[in-house]
Amino acid sequence: MLSSRRWAILGGATALGVSALVAITGALPASAASVPTFRPGHALYDVGVHTSVTLAQAEQAGLASSTFTQFKATVKVGTTSYTYVMAGRNPAVKQTSPAATIKTKLIPVIIKFSNGDTWDPTKTDSCDTGASALTRVQNSPIVKSQSWTWGGTAIGTGQVTDAYQRADFWKYAQPGGINPSYAVNLSWATLSSITINVPNADAAVASISCGNGLLGAVNLNWLDPYLQKTVIPSLASKGVNSSILPVFLLHNVVEYIGKTTDCCVLGYHNAFSTSGGIQTYGLSMYDNSGAFSGSNDISALSHEVGEWQNDPYTNNPTPAWGHIGQVSGCQSNLEVGDPLSGTSFAVTAGGFTYHPQELAFFSWFYHQSPSLGVNGWYSDQGTFTTFAAACS
């Protein structure tokens with residue numbers, strides 16, 4: 001995230017830099033005639049909209065009675081101190097009960113354009129005849145627990161983002177550490193699907209070779225305020241509040257930022273103030289469109305969940321880093337997915353191969369040597385073996 005907002009924009013990105021998004025070509029179905037068409041262009045980041053939650057508000061959020069388990073701590077790099085807020089309990093302090101469980105609501109979102117074009121994550125289509133996007137996510141290692149071994153080290157049993165969090169703070173979470181049962185468990189419950197009708201002025205399509213033949217695109221500058229002002233308040237009766245993480249699931253629908261040439265956002269997380277406290281939330285595309293290099297199935301979702309755990313209010317400060325992953329300039333926050341956007345690894349669960357994204361470790365951002373992380377690594381699959389270079 002540049003400044004206080006981070007949009008996870010994937011496609012063609014590698015751990016060494018950012019390339020243009022894959023252009024989508026081909027004739028569009030006749031049904032798309034009344035909706036503007038687009039071709040994804042170069043990756044763009046953090047344009048137009050920023051969180052209204054300040055760092056001071058984030059630091060106070062954990063004191064509220066209506067909140068999820070979180071902690072505030074400070075780390076020093078040289079002579080500079082950085083205060084941050086994370087989900088879960090502090091792994092660096094001996095805990096009586098180090099494992100935290102956070103309630104999470106998975107909300108399938110049916111996107112419908114005025115001409116009838118529809119993307120429904122609860123339905124099976126030709127992009128995957130075996131299961132719907134929703135079913136794949138429900139059976140994925142983001143939701144289901146399994147055992148993990150990375151670099152020859154047994155991490156333990158849990159969801160993939162929990163395994164990442166344990167590996168991130170392995171010095172404390174390993175057997176013999178001060179918190180060997182440290183965990184951040186997400187207790188997932190699926191709500192009924194909701195339908196968002198997108199006005200033509202904020203809709204666009206491109207061609208893909210499966211499903212309804214279209215990659216949908218929605219103007220993020222319309223969608224995000226709509227989520228905050230209309231959708232999330234409407235879910236209060238379903239138990240969505242500041243103690244809950246709601247995650248909105250789209251299928252083969254991306255966002256553009258104001259204009260279709262500024263595309264494509266595959267997922268993001270954000271926070272805003274409500275009368276009941278600061279509401280955090282996330283949105284992600286389940287991707288089997290074949291349109292974006294480095295993005296498959298749960299790549300974007302794992303990116304967003306991992307970042308929410310480490311930076312739930314989107315503004316944990318770090319020393320400046322950049323020129324890596326999706327970041328072409330300098331960035332100064334604890335967004336653990338951005339440095340490795342487009343870098344995923346294969347995990348088989350229930351007979352299906354998923355592709356969660358690799359995530360950077362705390363020690364990478366805060367220049368710690370040796371790393372707190374498993375195997376002395378600075379990312380969960382060992383791509384990073386040293387901490388971040390200074391950026392200016």
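## The disulfide of Cys-263 and Cys-264

The torsion about the S-S bond of Cys-263 and Cys-264 is about 95°, so this disulfide (a pair of cysteine sulfur atoms within 2.5 Å) is right-handed. The two sulfur atoms are 2.1 Å apart. A disulfide is a covalent bond between the sulfur atoms of two cysteines. Cys-263 has 2% relative accessibility and therefore counts as buried, where buried means under 20% relative accessible area, exposed means over 50%, and partly exposed lies in between, with a 1.4 Å probe and protein chains only. Cys-264 is likewise buried, with a relative accessible area of 0%.

## Basis of the model

This is a predicted model, in which local features need pLDDT of at least 70 and side-chain atom pairs count only at pLDDT 80 or more, while totals for chains, interfaces and linings use all residues. Residues are numbered from 1 along each chain as its sequence is written, and side-chain values use heavy atoms, with hydrogens and water left out.

## The other disulfides

The structure holds three disulfides. When bonded cysteines are counted along the chain, the pattern is 1-2, 3-4, 5-6. One of the disulfides is formed by Cys-127 and Cys-210, with sulfur atoms 2.0 Å apart. This link is right-handed, with 90° about the S-S bond. It connects distant parts of the chain, 83 residues apart: Cys-127 lies in the loop between β5 (118-119) and α2 (133-138), and Cys-210 in the loop between β10 and β11. Helices (H or I, at least four residues) and strands (E, at least two) are DSSP runs, numbered from the N terminus. Both Cys-127 and Cys-210 are buried.

Another disulfide joins Cys-330 to Cys-391, with an S to S distance of 2.0 Å. The link of Cys-330 and Cys-391 is left-handed, with -85° about the S-S bond. Cys-330 lies in strand β18 (residues 327-333) and Cys-391 in the segment after α7 (362-365), so the pair ties together parts that are 61 residues apart in sequence. Cys-330 is partly exposed, with a relative accessible area of 31%, whereas Cys-391 is buried at 11%.

## A four-stranded sheet

Four strands form an open sheet of mixed pairing, in the order β10-β11-β13-β14. Two strands pair if DSSP finds at least two bridges between them. The edges are taken by β10 (203-207) and β14 (259-265); each has a single partner strand, so one side of each is left without a neighbour in the sheet. Neighbouring strands of this sheet are turned by 40° against each other on average, direction ignored.

Strands β10 and β11 (residues 214-219) run antiparallel and are joined by five bridges. Ala-206 has Leu-215 in β11 as its bridge partner.

## The helix across the sheet

Helix α5 (residues 220-234) lies across β11, β13 (253-257) and β14, and runs at about 70° to β11. Contact means heavy atoms within 4.5 Å. Axes are lines fitted to C-alpha atoms, for helices over the stretch in contact, and angles run from 0 to 180 degrees between N-to-C directions.

## Gly-267 in strand β15

Gly-267 lies in strand β15 (residues 267-274). This glycine is buried, with a relative accessible area of 0%. Gly-267 and Ser-284 are 17 residues apart in sequence, and their C-alpha atoms are 4.1 Å apart in space.
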